[in-house]
Amino acid sequence: MLRSRIIPGLLVSNKGLVKTVRFSSPKYVGDPINAVKIFNEKEVDELIVLDIDATVRGHEPDYSMIRNLAAECRMPLCYGGGVKTLAQARDIIGMGVEKIALSSSAIESPNLISDIAQVLGTQSVVVVMDVRRERNGYQIYTHNGTRPARMNPIDFAVEVQALGAGEVVINSIDNDGVMKGYDLELARSVRQAMTLPLTILGGAGSLKDIGSLISTFGIVGAAAGSLFVFKGIYRAVLINYPNRAEKEALNIQALQVSFAP
Amino acid sequence: MKQLQICTNCVMDTTDAKIRFDERGVCDHCNNYYQNILPNWHTDERGTQALQKIVDDIKAAGRGKDFDCIIGMSGGIDSSYLTYIAKEQFGLRPLVFHVDAGWNSQIAVNNIEKLIDALGLDLYTEVIDWEEMRDLQLAFFKAGVPHVDTPQDHAFFATMYNFAERHKIKYILTGANLSTECIRNPIEWMYYQSDSIQLKDIHNKFGTRPIVNFPITSILRHKLFLKYVKGVKVVTPLNYIPYVKVEAMQLLIDNFGWQPYPQKHFESRFTKFYESYWLPKKFGFDTRKVQYSSLILTNQMTREEALERLSRPAYDEATVAQDFEYVATKLGISVGELQGYMDGENKTFRDYESQENIYLVGARLVRLFGLELGGKR
Amino acid sequence: MISIVNYGCGNITAIANIYKRLDVPVSIASRPEDLRDAEKIILPGVGAFDHVVTCLDKCGMRDPLNELVLTRKKPILGICVGMQILARRSDEGVLEGLGWIDGQVKKIDISNFTRQPALPHMGWNDVAPVKRDSLFAHLEVDPRFYFLHSYYFDCANADDVLAVTDYGSSFPSAVHCNNIFGVQFHPEKSHQCGIQLLKNFSEL
């Protein structure tokens, strides 16, 4: 039985891991390498690492960090942050990274999606959309939620599928770090628009939220940041992740909803 | 090559340069234990009564507050068992306090999670600024001294004391215990981690970035100022009750799914590397001798078993190269550079500025007034 | 010495990292002459079938591989599209694969799927060996591996099927014919199961 992927999402800023709330107030959470090593030892399904400084500060991805992180991963690793060219994507994939996440560059130069897909395969291109709910509907933002892309996630999802992307990650700015559940309405509207694998990030506060996501969609990527990094009412930093039995229980729920196979 | 003389009672030997043997070949660590520690160490009703009095004080002081004490929790056996008895046996309401210095093993993190979930306790984590920690650890490697784990230890205590002071918490509980630590590491092996003069001098000489966020404390600050002026007390409950390591471990395994470590202090990847490889390989100091000797004195291990274990290397030959590489990678240096520090000259704490005198005076006063039981010299 | 064929289509580094940590000598073969001393070969592969075949031919690897595998009978492990090109033909493209194992690469049948995403088959799925084989030795009960593909290898001979996985219907997730092995999943990204499988291959 294929299982839904449960994916820790890590943000890197100033060489350190941070956690934000609604894309602001970054709280320092520690060293990325040890965190990734612990997640690897916990045998997580997959890992997303996003450098939130690279685009806004206009610098290259931190290749040395990427290389070190990839060396610790025995599961697929998706890296995003500051990737603007095919050459960069190729270099990063060559370091042992499975997938490249494009966010602002997908908006600014959508052809990059097809360029990378053609050379490295569609499975290697993930488009991440940071989305905010506005009066006139959901809108994509780039540059850490500061720049409106003047594009909505539904239309853009259709567009990136046509361009050759392999996966879409929807990151809810409004639910980021709030830990009160995913934005299922947003997820539903993107799910209905395209047939690519979909991953939802932003808002997961408990394994129950992940369960609800999986029961709603059957097969989906359930990504979470705060949930896997914080513990308890004081938001104490403690890396955690469901064990195999807990993951199995979450996935069995999906079977109970009509979904074939 | 000078022949090693091993104590006939425990397994401490002449790799401890200051060791002294009596006419029966018994070392001064053992004699200190039998003469000074054991007669004053009570884990029977006297111990329980004394601890109960302290517990009552803690509860009284904590009335109306969210928690009545903090427990320094590393995920290791001592602090884990302490957390269990504090809550289940004595009904305290601790805040579990963890310091993340960037080297947590998965087992440690898992053990902390299991315990706090099962016991229904709250957790607070202080994350040390990794870039500063890294620079400080590297400085200690460059200094060539044995006590390269000082930054982690120092941060642990400094952070806990700072937190207690800031939040006006009067009681810190730690898992320090005579049962497994009645013999302490000689200071030639592990110099006082709380000596801020030494830390600052090594940082001045070998650090490359200023200390801004890294927490600094000092022996005077926490043994005198915080204790007598601010009334922050450190309690070691495991010294008042019978504490048998294998039984404690089995209880935690059976009741909480707790995962054991291959050796004491292995909850930190760095400490594991440091104690099992760096210290023995570079300096010939094997901390297992200290730990096993403590267990021998408290009848938890036989001398034969200790000698048998010591005949094998402290590190796992299959994984040591990977650990070496991981440490180098984390510190931001090449394997070659780390090997260079391994091969470099061996220095001691005396090569750098220190407050050793204060510790000597303090130790004498403490022994004079019988204020503390302990074996560190 | 395990040689990993580097022809621009696969996660060489991840595989090499695993062997490095297992202390198994490994080399990267980027040119035909690098394969000369190969004892065992790993053939990774990601991307479209034709693209992967083109890259392989561009690097001049086809002939040395034929010689090593068919004549000198060196063990080879194809991973993902590296397994698919063991076939002669794929529905995904027009070019010819290596043709070492009889069969046709076909698109996964999603006609009875009611929800999206149907393709690619992406994520962790169960792999059930259909016979005893040293490639799958010492694995935990119910091994699971990471998959990422839309096509599968339809074997002409049932004997060549080593393991099956369910997605839509049952398809071969591993094949084995003489000295030739193929796995549809990514052992280099499948935690302990994957590490054990790669270790088993090195110990054949």
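Chain C of this predicted model has a mean pLDDT of 94, and 100% of its residues reach 70 or more; pLDDT is the predictor's confidence in each residue, from 0 to 100. For the complex, the predictor gives an ipTM of 0.93 and a pTM of 0.95. Because the model is predicted, local features need pLDDT of at least 70 and side-chain atom pairs count only at pLDDT 80 or more, while totals for chains, interfaces and linings use all residues. Residues are numbered from 1 along each chain as its sequence is written, and chains are lettered from A, with ligands numbered from 1, in the order in which they are written.

**Contact between chains C and A**

In chain C, 30 residues are in contact with 30 residues of chain A, contact meaning that C-beta atoms, placed from the backbone, lie within 7 Å. The elements of chain C that give two or more residues to this side are tabulated below. Helices (H or I, at least four residues) and strands (E, at least two) are DSSP runs, numbered from the N terminus.

| Element of chain C | Residues |
|---|---|
| α1 | 12-21 |
| β7 | 121-126 |
| β9 | 144-149 |
| β11 | 161-167 |
| α5 | 191-202 |

The largest share, 6 residues, comes from β7(C). By residue class, the side of chain C that touches chain A divides into 13 nonpolar, 13 polar and 4 charged. Here Ala, Val, Leu, Ile, Met, Phe, Trp, Tyr, Cys and Pro count as nonpolar, Asp, Glu, Lys and Arg as charged, and the others, Gly among them, as polar.

**Fold of chain B**

Chain B contains 16 helices and 5 strands. An open sheet of 5 strands runs in the order β3-β2-β1-β4-β5 (chain B), with parallel pairing; two strands pair if DSSP finds at least two bridges between them. β3 (122-127) and β5 (233-235) of chain B stand at the edges with a single partner strand each, so one side of each lacks a neighbour in the sheet. Within the sheet, β1 (residues 69-72) and β4 (residues 171-173) of chain B pair in the parallel sense over 2 bridges, and I70(B) stands opposite I172(B) in β4(B).

Along the principal axes, the C-alpha atoms of chain B fill a box of roughly 60 × 50 × 45 Å. Buried residues, those with 20 or more other C-beta atoms (placed from the backbone) within 10 Å of their own, make up 45% of the 377 residues in chain B.

Definitions and conventions. Two residues are in contact if their C-beta atoms, placed from the backbone, lie within 7 Å. A residue is buried if 20 or more other C-beta atoms lie within 10 Å of its own, exposed if 12 or fewer, and partly exposed in between; C-beta atoms are placed from the backbone.
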